[in-house]
Amino acid sequence: MRRPMGRRDNTHDQSFEDRENPMNPAVSPSSRAATTRLCLAGLLSLAVGLGPLPALAQHGPQGDGPGQTQAKGQAQPPRKAPEGRRLPPDTTTEHSIDLPNRQPLNFTATAGSLALVDEEGKLQSEIAFIAYTKAGKPEERAARPVTFGVNGGPGAASAYLNIGAIGPWRLPTDGASISPSQTIALQPNPATWLDFTDLVFIDPVGTGYSRAADGDGKKYWSVDTDASVLAAAIARYLRQNDRLASPKFFVGESYGGFRGPLIAQKLQQDVGVGLSGLVLLSPVLDFAWLQPARTTPWGFVTKLPSFAAAALERAGTTPSRELMKEAETYATGAYLADLLKGPADREAVTRLAERVSALTGLDRETVRRQAGRLTAHSYQREIGRDVGRVLSAYDTGVTGWDPDPTAPQSGFEDPVLDALQAPLTTAMVQLYQGRLGWRVENMRYELLNGAVNRGWTWGSGRSAPEAMGALKDVLALDGRMRVLVAHGFTDLVTPYFTSKMLLDQMPVYGSADRLKLSVYPGGHMFYTRPDSRNAFHDDAADLFARALETRSNGSATGEGASGATLPETRPTP
């Protein structure tokens with residue numbers, strides 16, 4: 001049984017999967033208060049014990065059943081579907097949205113599923129997806145980039161990336177608080193990535209409408225099998241839709257960001273497909289750094305800059321990389337040195353209380369009682385205790401009411417993650433049934449599935465899962481690949497400073513700008529803020545432009561053909 005969130009066994013004899021999982025999106029309400037559950041947007045996996053990677057039946061935009069709507073010029077002979085299908089035939093519809101200062105964006109949207117079958121053709125699972133393809137001539141389509149989007153959890157569907165960040169429509173969730181009963185009205189997304197890449201959002205088994213044919217999703221829920229099957233599904237989609245020659249990219253959020261390097265490696269080595277770029281949004285790159293034991297100072301060091309960024313916002317100042325230098329320098333210098341002296345060193349604790357209080361905005365005595373070792377949960381409650389408000393661990397700029405403000409300890413739903421569940425779920429069901437015409441009967445849409453998270457197999461042994469090794473391998477093997485790691489300043493779940501310190505340990509493979517860290521105002525889902533969403537769009541567009549230029553000039557070193565660093569260029573819509 002997994003230990004309650006917020007507790008830590010300080011021994012090192014248990015395997016990682018037996019320790020508390022800070023990314024759990026579906027612990028009980030009483031446990032949620034003590035946890036830094038992980039994030040969002042997600043994709044899961046496909047199966048342990050299936051033997052070879054399952055083949056995918058020809059089911060997708062080509063269609064395999066009656067009643068499917070086909071985009072013009074894409075009709076193909078229907079193919080026989082494997083027995084046992086529950087999800088309806090794919091639908092393809094045509095749409096247009098008006099973007100500020102741009103021409104109308106015309107595109108097709110396909111909602112449907114991929115049938116995963118074993119070597120005998122027996123149905124194993126159905127993987128739901130939504131694909132957006134910009135209108136154009138067939139020859140233009142083949143050369144256009146295609147990006148696969150997955151979220152995290154594990155146990156989260158890809159709705160967060162789809163209608164929150166980069167899809168053609170988005171559900172507005174801006175502001176200092178989020179209401180589960182808010183009006184559900186999707187709006188055109190001015191920051192959609194569809195202006196420079198086609199988009200395919202995938203929901204693995206147990207999320208969205210994706211399902212195991214025999215009802216046993218547990219066999220799909222493990223770190224390695226998840227990456228293997230997602231890689232196989234991506235490859236099958238490419239083959240079915242004649243996109244193997246297209247430039248290929250991946251975007252993953254939170255645990256989806258952890259998946260990115262693993263999937264890229266599987267595609268390179270096991271499937272025979274190369275990605276041109278990865279965008280890792282609020283990722284966990286090494287679980288050992290996510291929530292270490294309280295006796296280990298790294299966890300306090302990595303979170304301190306995010307606490308300082310939260311204090312800047314509360315004072316009316318927008319955080320920036322320049323403004324965060326003081327907190328970052330202190331965190332890895334004097335702060336770390338005093339933490340190492342231990343809480344028994346009174347002089348060190350006094351110094352910690354004074355400096356940490358000034359940086360974070362917490363009362364000095366509160367910091368002293370914690371010996372300068374702040375936790376996310378204590379900050380969430382203490383900073384707003386005087387007015388009975390609690391902060392979100394996902395974005396300290398979003399607050400909610402403390403349900404029991406007079407209690408010494410209080411359990412509370414997260415004002416971002418929990419508040420988003422109702423509006424995002426409703427919006428996705430309406431999107432499927434209304435605009436996309438894909439109606440799923442007698443099945444519940446799973447935005448955040450706690451059964452997936454609780455049933456996830458993290459591996460054996462005493463080492464925590466990590467993606468840094470795979471990230472090094474794929475960058476070293478492919479000199480043309482580029483990676484963007486994106487974070488929000490006020491995210492206490494996957495702090496940006498953790499990724500910064502990890503990426504600082506990466507070698508330079510040819511050109512230093514092949515691996516970039518961007519940090520924006522906002523939290524785990526910084527894209528809820530318009531300025532951050534627009535900046536993220538521009539940084540991603542820049543990565544795509546550089547990757548495509550490197551691809552076209554034939555360089556395999558990450559630099560231009562002449563050896564010079566590529567100039568600052570952005571794609572033209």
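Student: Ala371: buried or exposed?
Tutor: Ala371 counts as buried, because its relative accessibility is 10%. Buried means under 20% relative accessible area, exposed over 50%, and partly exposed in between, with a 1.4 Å probe and protein chains only.

Student: And where is Ala371 placed?
Tutor: Ala371 is in the loop between α9 (364-369) and α10 (376-382). Its phi is near 55°, a positive value in a residue other than glycine. Helices here are DSSP runs of H or I with at least four residues, strands are runs of E with at least two, and both are numbered from the N terminus.

Student: What is the phi of Asp242?
Tutor: About 55°, so positive, although Asp242 is not a glycine. Asp242 lies in the loop between α4 and β10 (248-253). Asp242 is exposed, because its relative accessible area is 58%.

Student: Before we go on, what kind of model is this?
Tutor: It is a predicted model, in which local features need pLDDT of at least 70, side-chain atom pairs count only at pLDDT 80 or more, and totals for chains, interfaces and linings use all residues. Residues are numbered from 1 along each chain as its sequence is written, and side-chain values use heavy atoms, with hydrogens and water left out.

Student: What is the mean pLDDT?
Tutor: The mean for the protein chain is 83, and 82% of its residues reach 70 or more. pLDDT is the predictor's confidence in each residue, from 0 to 100.

Student: Where does pLDDT stay under 50?
Tutor: Over residues 1-78, for which the model has 280 contacts beyond four places in sequence. Residues 558-573 are also below 50, and that stretch has 34 contacts beyond near neighbours in sequence. A contact means heavy atoms within 4.5 Å. Where pLDDT is low, the predicted coordinates should not be read in detail.

Student: OK, the whole chain now. How many helices and strands?
Tutor: The protein chain has 15 helices and 15 strands. Of its 573 residues, 62% are buried. Take contacts between residues at least 6 apart in sequence: 73% of them join residues at least 24 apart.

Student: Which residues touch the most other members of the largest nonpolar core?
Tutor: Tyr132, Trp193 and Phe536, in a core of 152 residues. Helix α4 (residues 223-240) gives the most to this core, with nine residues. A nonpolar core is a set of buried Ala, Val, Leu, Ile, Met, Phe, Trp, Tyr and Cys residues joined through side-chain atoms within 4.5 Å. In soluble globular proteins, nonpolar side chains tend to be buried together.

Student: What does Tyr132 touch?
Tutor: Leaving out residues up to four places away in sequence, its contacts include Phe107, Trp169, Asp198 and Leu431.

Student: Strands next. How many residues of β14 are buried?
Tutor: Seven of its seven, so β14 (residues 482-488) is mostly covered. Arg482, Leu484, Ala486 and Gly488 are buried on one side, and Val483, Val485 and His487 are buried on the other. In a regular strand the side chains alternate between the two faces of the sheet.

Student: Which strands pair with β14?
Tutor: Five bridges join β11 (residues 277-281) to β14, and the two run parallel. Leu278 has Val483 as its bridge partner in β14. Six bridges join β14 to β15 (residues 515-520), again parallel. The chain goes from β14 through helix α14 (residues 496-503) to β15, and this β-α-β crossover is right-handed. Right-handed means that, with the strands pointing away from the viewer, the path from the first strand over the helix to the second runs clockwise. Two strands pair if DSSP finds at least two bridges between them.

Student: What does Leu502 touch?
Tutor: Leu502 is in helix α14. Beyond four places in sequence, Leu502 touches Leu285, Asp286, Trp289 and Met468. Leu502 and Met468 are 34 residues apart in sequence, with their C-alpha atoms 8.1 Å apart.

Student: Last one. Which peptide bond is cis?
Tutor: The one from Gly153 to Pro154, with omega near -10°. Pro154 is in the loop between β5 (146-150) and α3 (159-166).
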